[in-house]
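Open the model and keep the sequence beside it.

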Amino acid sequence: MAKPQGSVLEPLYSSAIILLVIVTACVELCDAVTVVDVYRLVQYDLAGVPFGSRLAALNHHAGSSLFSASATAGAAADLSRTVLILPVRELNLTFIKEYIGQTKPLGGLLLLLPPIFNPLNTDSRGESYSAKDNIKEVLTELDQLLIHANIPYPVYFGFEDDHVNTVLADVKKNDAAGQPATATTGGYKLVVVAREPKKIASPTISNIQGWLPGLKADGDSNQLPTIAVVASYDTFGAAPALSVGSDSSGSGVVALLEIARLFSILYSNPKTRGSYNLLFALTSGGPYNYNGTNKWLRSLDQRVRETIDYSICLNSIGSISNELWIHVSKPPDNVYIKQIFEGFSSVSEEMGIKVGLKHKKINISNPRVAWEHEQFSRQRVTAATLSELSVAPDFLESTGGLSDSRHFVNEASISRSVKLVAESLARHIYGQEGKSIDIFADDSSLSINPSYIRSWLQFLSATPRVAPFLSKNDPLITALKKVCFA
């Protein structure tokens with residue numbers, strides 16, 4: 001039973017970096033007894049090289065081991081007509097890497113994820129913290145392995161539940177007894193009826209922005225300096241239908257929305273409106289070299305772009321860690337960089353947070369950018385990225401994959417980051433740098449709203465956001481526009 005299949009994604013990168021994604025987002029796995037949802041491995045081309053899995057249809061018997069009890073001891077079984085069912089919590093990554101690397105024949109692969117990684121599951125009970133962390137590490141590595149491999153058989157993801165676990169136990173029992181399922185011996189047969197994946201028509205990159213004009217005596221806010229707050233909202237991972245990216249990039253989006261809400265209250269009253277314009281942008285194409293950010297910057301009126309004093313980009317700020325990093329491209333002794341870092345450092349000390357500064361010069365000849373602020377730097381706009389990550393992620397790393405679920409994001413950490421950014425910006429806007437003043441004090445009309453943060457985090461954590469599958473009228477895009485333009 002096939003659900004909507006995908007179509008052609010035209011290059012999202014410059015001519016040097018091309019990404020083609022062809023995906024059936026979610027199909028259903030059938031045997032004679034029941035139907036369960038499964039999610040197909042991503043398929044894309046990069047610079048003409050295929051990655052992921054090209055095949056979708058399945059019609060083979062189930063197996064549970066790369067070895068057969070009936071085969072010679074230690075010898076690999078003939079699995080060319082077997083769909084291997086492997087729980088991620090039992091996965092031997094080293095062996096899986098070798099098996100995929102050697103391109104050995106396999107009828108198909110079904111990887112079972114623990115229920116806590118289901119975007120629709122809000123209950124994390126039943127797993128200890130250490131167990132969750134261990135599985136998250138395995139999933140992170142597995143995600144990277146699969147999206148950077150070219151796999152010649154169908155690969156699907158499903159979730160553990162009582163029925164699936166019962167089926168797997170039966171399959172394991174038969175395999176151990178040397179009686180694997182075949183056309184003659186019977187057993188479980190896994191079937192996915194899917195049409196050939198279609199190429200995605202050229203997707204539209206939807207960038208969303210909001211504007212809070214500052215107050216000037218003559219009423220012309222266009223001549224005022226501007227501060228931009230930016231976050232990329234889309235994701236990428238091994239299973240597009242499961243790529244909800246609660247931390248990357250969900251936490252940054254949630255923080256931006258709350259910061260915008262707080263300043264909209266201040267700017268709604270002429271008496272408290274600052275002498276800076278505030279520009280808020282939610283950009284697309286983050287996993288794809290921040291292509292949407294580049295497009296958005298180029299589309300900005302040059303006069304507006306030239307008024308931007310600096311931009312703060314928010315990236316992965318939802319972990320429990322008590323340490324954040326400000327990443328910059330311009331030298332640390334640059335006037336605006338010093339201003340940003342000193343402002344954040346002053347507030348962070350009061351909050352008991354450690355904020356460090358990381359400088360990485362961009363290479364103009366290399367089209368690849370590691371951080372969103374680097375797209376600003378290429379346009380000669382001062383910018384910085386605030387992140388819990390101390391080093392730049394590799395290509396298609398930390399983009400909201402399988403392991404980036406709601407259960408690993410801390411709401412208090414997002415609130416803390418909101419407080420840090422909002423207070424730092426407000427002190428700069430209102431000329432209160434270096435002063436111990438709490439503009440967004442708790443229990444005031446300008447206090448951070450945990451319920452607002454929680455509701456947006458829950459919404460984003462249940463919403464896959466792989467850009468090629470988001471239309472202009474997607475409910476997510478509509479919701480974000482409604483908030484930004486309110």
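Of the contacts in the protein with a separation of 6 or more, 77% are between residues 24 or more positions apart, a contact being heavy atoms within 4.5 Å. This is a predicted model, in which local features need pLDDT of at least 70 and side-chain atom pairs count only at pLDDT 80 or more, while totals for chains, interfaces and linings use all residues. Residues are numbered from 1 along each chain as its sequence is written, and side-chain values use heavy atoms, with hydrogens and water left out.

The secondary structure consists of 11 helices and 18 strands; these are DSSP runs numbered from the N terminus, helices being H or I with at least four residues and strands E with at least two. The protein has 486 residues, and 55% of them count as buried. Buried means under 20% relative accessible area, exposed means over 50%, and partly exposed lies in between, using a 1.4 Å probe and protein chains only.

A pair of aromatic rings is described by the distance of the centres and the angle of the planes. Rings of Phe, Tyr and Trp (its six-membered ring) pair if their centres lie within 6.5 Å; planes under 30 degrees apart count as stacked, over 60 as edge-to-face and the rest as tilted. The whole structure contains 9 aromatic pairs. One of them is W296 with F376, edge-to-face at 6.2 Å centre to centre and 65 degrees between the planes. This pair links distant parts of the chain, since W296 is in helix 5 (residues 291-299) and F376 is in helix 8 (residues 373-378), 80 residues apart. Both W296 and F376 are buried.

The rings of W456 and F459 have centres 5.7 Å apart and planes at 75 degrees, so this pair is edge-to-face. Here both residues belong to helix 10 (residues 450-460), with W456 and F459 3 residues apart, about one turn of the helix. W456 is buried at 10% relative accessible area, whereas F459, at 32% relative accessibility, counts as partly exposed. Elsewhere, Y44, F51, F236 and Y288 form one aromatic cluster.

Two rings have a charge over the face: R261 lies over Y452 at 5.6 Å from the ring centre, and K358 lies over W325 at 4.8 Å from the ring centre. The criterion is NZ of Lys or CZ of Arg within 6 Å of the ring centre and within 35 degrees of the ring normal.

On a 1 Å grid over the protein atoms alone, a cavity is a set of points where a 1.4 Å probe fits but cannot get out, and a pocket is an open set with protein on both sides within 12 Å along at least five of seven lines; lining residues have an atom within 4 Å of a point. The largest pocket has a volume of about 830 Å³, a volume being the space filled by probe spheres set on the points, which are joined across faces, edges and corners. Its lining has 45 residues, with K136, S403, D404, S405 and F408 nearest the centre. Helix 2 gives the largest share of this lining, 8 residues.

There are 5 cavities of 30 Å³ or more. The largest cavity has a volume of about 260 Å³, and the closest to its centre among 24 lining residues are G286, Y290, N315, S398 and T399.
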